[in-house]
Structure formats: C-alpha cells, structure tokens
Amino acid sequence: MAFMVKHMVGGQLKNLTGGLGEEKPEAEKGEAAAKGMTQEEFEQYQQQLVEEKMERDASFAQKKAERATVRTHFRDKYRLPKNELDETQIQQAGDDVELPTELAKMIAEDNQEEEKKQSVIGQLTNIQNVDLDQLKDKAQATLEDLKQSAEKCTVM
C-alpha cells in the first residue's frame with residue numbers, strides 16, 4: 001500500500017518540482033553535444049561567430065564615422081560648434097572615412113549655388129523688384145549703342 005501511495009504521489013511530486021533531485025545525463029555532455037555537433041565543429045562554429053561579430057562591429061564603426069564626417073561637414077559649413085565625439089569616431093575608424101558619393105554630389109551642387117549667389121548677378125537677384133532679364137537687355141542695348149557711336153566717331 002505504501003508503495004502505491006509513493007508511486008502515485010511521488011510521480012506527481014517529481015513533475016511539480018521539475019525533477020530537481022535527478023541528474024540529467026545531457027548536462028554532462030556539454031554545449032557541443034547539446035547542439036548535435038562534435039567538439040571540433042563547435043569550436044569552428046564559435047570562431048565563425050566571433051569573426052562575424054568583428055566584421056559587424058567594423059562595419060558599424062565605419063558607418064558611425066561616415067555619419068560623424070557628414071555632421072562635421074555641416075558644422076563647418078554653417079559655422080556651428082565642433083563636437084569631440086564626432087572627431088573621436090572618425091579617428092577610431094582610422095581616418096580613411098570619405099563622404100558618400102551622393103552627399104558629395106549634393107555638396108558640390110550647394111557650392112556651385114553659393115558661388116552663383118556671391119557673384120554680382122547673384123546679388124542682383126536677391127534685390128527685390130529687379131527684373132534681371134530686363135537689366136540684361138538694357139545692358140546689351142547700351143553696349144550696342146556704344147559700338148555704333150564708336151563706329152560713327154571720326155576720332156577713333
């Protein structure tokens with residue numbers, strides 16, 4: 001009778017406690033056996049994981065440095081205060097960071113626009129109520145009049 005009670009209640013107790021009193025033979029085999037690999041395969045797998053992590057970290061550092069370069073460029077362009085964190089990220093990437101090609105094209109276009117704005121004609125376009133085409137026409141007409149009057153002049 002005690003056997004029956006122990007068998008019925010004991011089985012229920014083991015399920016309830018999760019079998020803490022028992023030792024599992026799988027735990028002795030190690031991680032490699034648990035994943036279905038030999039020890040050598042497991043070491044190669046671990047090495048591959050480490051290499052992939054290093055590649056991801058290097059790629060991430062490169063991207064961070066590129067972003068820092070972009071921020072630095074815009075800080076220089078708009079005369080904003082510098083950030084030491086950006087300079088540190090660029091230095092950690094090995095100073096071989098370049099601007100992305102699309103951004104470089106955008107910067108070149110901005111520089112061309114700024115050069116146009118700094119020219120005399122660019123300054124005239126900033127003045128309100130000035131018709132640039134009309135000014136050009138008047139200037140060309142004046143030049144033509146001067147040429148015609150110079151042709152008529154007997155001194156020259």
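Colleague: How much accessible surface does the chain have, and what share of it belongs to carbon and sulfur atoms?

Modeller: The chain's accessible surface is about 14000 Å², with 54% belonging to carbon and sulfur atoms; areas come from the Shrake-Rupley method with a 1.4 Å probe. Mind you, this is a predicted model: local features need pLDDT of at least 70 and side-chain atom pairs 80 or more, while totals for chains, interfaces and linings use all residues. Residues are numbered from 1 along each chain as its sequence is written, and side-chain values use heavy atoms, leaving out hydrogens and water.

Colleague: Is Asp 86 buried or exposed?

Modeller: Buried means under 20% relative accessible area, and Asp 86 is buried because its value is 1%. Across the chain, buried residues make up 11% of the 156. Asp 86 sits in helix H5, residues 84-92; helices are DSSP runs of H or I, at least four residues, numbered from the N terminus.

Colleague: Which side chain makes a polar contact with the side chain of Asp 86?

Modeller: A polar contact pairs N or O atoms within 3.5 Å, one able to donate a hydrogen and the other to accept it. Here the partner is the Arg 75 side chain, at 2.3 Å.

Colleague: And what lines the largest cavity?

Modeller: Rolling a water-sized probe over the atoms shows where empty space is left. A cavity is a set of points on a 1 Å grid where a 1.4 Å probe fits but cannot get out, with lining residues having an atom within 4 Å of a point. The lining is Thr 72, Arg 75, Asp 76, Lys 82, Asn 83 and Glu 87. Helix H4 (residues 39-77) gives the largest share, 3 residues.

Note on methods:
Buried < 20%, exposed > 50% of the residue type's maximum accessible area, 1.4 Å probe, protein only. Helix = DSSP H or I, 4+ residues; strand = E, 2+ residues; numbered from the N terminus. 1 Å grid on protein atoms, 1.4 Å probe; cavity = no way out; pocket = protein on both sides within 12 Å on 5 of 7 lines; lining within 4 Å.
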